[in-house]
Amino acid sequence: MNAVQRREVILERLSNADAPVSASVMAAELGVSRQIVVGDVALLRAGGAAIEATPRGYQFHPAPGGYTGILACVHSTEDEMRTELYTVVDQGGIVVDVAVENSLYGELRGNLNLASRYDVDNFIQQAADTPECLLSRMTGGVHLHTLRCPDEKTFHRIEAALENAGVLYKKE
């Protein structure tokens, strides 16, 4: 299989996947190294493919639907982070990404796409294994989340629940 055929297989694999697929899994399926898959995905993205990298692997960027909004949150402990993320998914939302403001780079954003407690638990474990990688550590815990919800009512219910939990950032 040549490189063009391999990229076509990657596109097909991702289009049929109902969950993110890691570069290691695709590499094993294709009989190439993980780095080859990472390079192929980079070329596909540069060519306009709507592929995003998540903590659990690659996926096609989800089609927009429902209501999307942004909330500012703050936490300083792992338990508060878990509470924040569980609150969103338990109320029917998806945590699309996290963003922080950096004085050197401007806005830094990381794709999350957390839709269940299972997703949150995996993310929390990854964060525990590499705490220095958390974007919120750069800003004293203050960060933004893009949330995708079935409707605006759900978004406001999540906002109220986060405020109740004490993790919604409010400028004094």
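Colleague: At what angle do α1 and helix α3 pack, and how far apart are their axes?

Modeller: Start with how axes are drawn. Axes are lines fitted to C-alpha atoms, for helices over the stretch in contact, and angles run from 0 to 180 degrees between N-to-C directions. Here α1 and helix α3 (residues 34-46) pack at about 80°, with axes 10 Å apart. Angles under 35 degrees count as roughly parallel, over 145 as roughly antiparallel, 65 to 115 as roughly perpendicular and the rest as oblique. So α1 and α3 are roughly perpendicular to each other.

Colleague: What kind of model is this?

Modeller: This is a predicted model, in which local features need pLDDT of at least 70, side-chain atom pairs count only at pLDDT 80 or more, and totals for chains, interfaces and linings use all residues. Residues are numbered from 1 along each chain as its sequence is written, and side-chain values use heavy atoms, with hydrogens and water left out.

Colleague: Which residues of α1 meet α3?

Modeller: Contact means heavy atoms within 4.5 Å. From α1 come R6, R7, I10 and L11. On the α3 side are I36, V37, D40, V41, L43 and L44. For classes, Ala, Val, Leu, Ile, Met, Phe, Trp, Tyr, Cys and Pro count as nonpolar, Asp, Glu, Lys and Arg as charged, and the others, Gly among them, as polar. The contact of α1 with α3 has 7 nonpolar, no polar and 3 charged residues.

Colleague: Is R7 buried or exposed?

Modeller: Buried means under 20% relative accessible area, exposed over 50%, partly exposed in between (1.4 Å probe, protein chains only). R7 sits in helix α1. Its relative accessible area is 18%, so R7 is buried. Beyond its neighbours within four places in sequence, R7 touches D40, L43 and L44.

Colleague: How many helices and strands does the protein chain have?

Modeller: Helices (H or I, at least four residues) and strands (E, at least two) are DSSP runs, numbered from the N terminus. The protein chain has 6 helices and 6 strands. From the N terminus on, the order is α-α-α-β-β-β-α-β-β-α-β-α.

Colleague: How do α1 and α2 pack?

Modeller: Helix α1 (residues 3-16) and helix α2 (residues 23-30) pack at about 125°, with axes 11 Å apart. They are therefore oblique to each other. Next, look at handedness. A crossing is left-handed if the near helix is turned anticlockwise from the far one by less than a right angle, and right-handed if clockwise. The crossing of α1 and α2 is right-handed. R6, V9, I10, R13 and L14 in α1 meet V25, M26, E29 and L30 in α2. By class, that contact has 6 nonpolar, no polar and 3 charged residues.

Colleague: Where is V32 found?

Modeller: V32 is in the loop between α2 and α3. With a relative accessible area of 25%, V32 is partly exposed. Setting aside neighbours within four places in sequence, V32 contacts R6, A27 and V37. R6 is 26 residues from V32 along the chain, with their C-alpha atoms separated by 9.7 Å.

Colleague: How do α4 and helix α5 pack?

Modeller: α4 and helix α5 (residues 117-129) pack at about 160°, with axes 9 Å apart. That makes α4 roughly antiparallel to α5. Their crossing is right-handed. From α4, the contact includes E78, M81, R82, L85, Y86, V89 and D90. From α5 come R117, V120, D121, F123, I124, A127 and A128. The residues divide into 9 nonpolar, no polar and 5 charged.

Colleague: What does M81 touch?

Modeller: M81 lies in helix α4 (residues 78-90). At 6% relative accessibility, M81 counts as buried. Not counting residues up to four places away in sequence, M81 touches H75, F123, I124, A127 and L134. The C-alpha atoms of M81 and G141 are separated by 9.5 Å, and the two are 60 residues apart along the chain.

Colleague: What is the phi of N113?

Modeller: First the general idea. Most residues other than glycine have a negative phi. N113 has a phi near 50°, a positive value in a residue other than glycine. N113 lies in strand β5 (residues 106-114). At 6% relative accessibility, N113 counts as buried.

Colleague: How many residues does the protein chain have, and what share counts as buried?

Modeller: Of its 172 residues, 37% count as buried. The C-alpha atoms fill a box of roughly 60 × 35 × 30 Å, taken along the principal axes.
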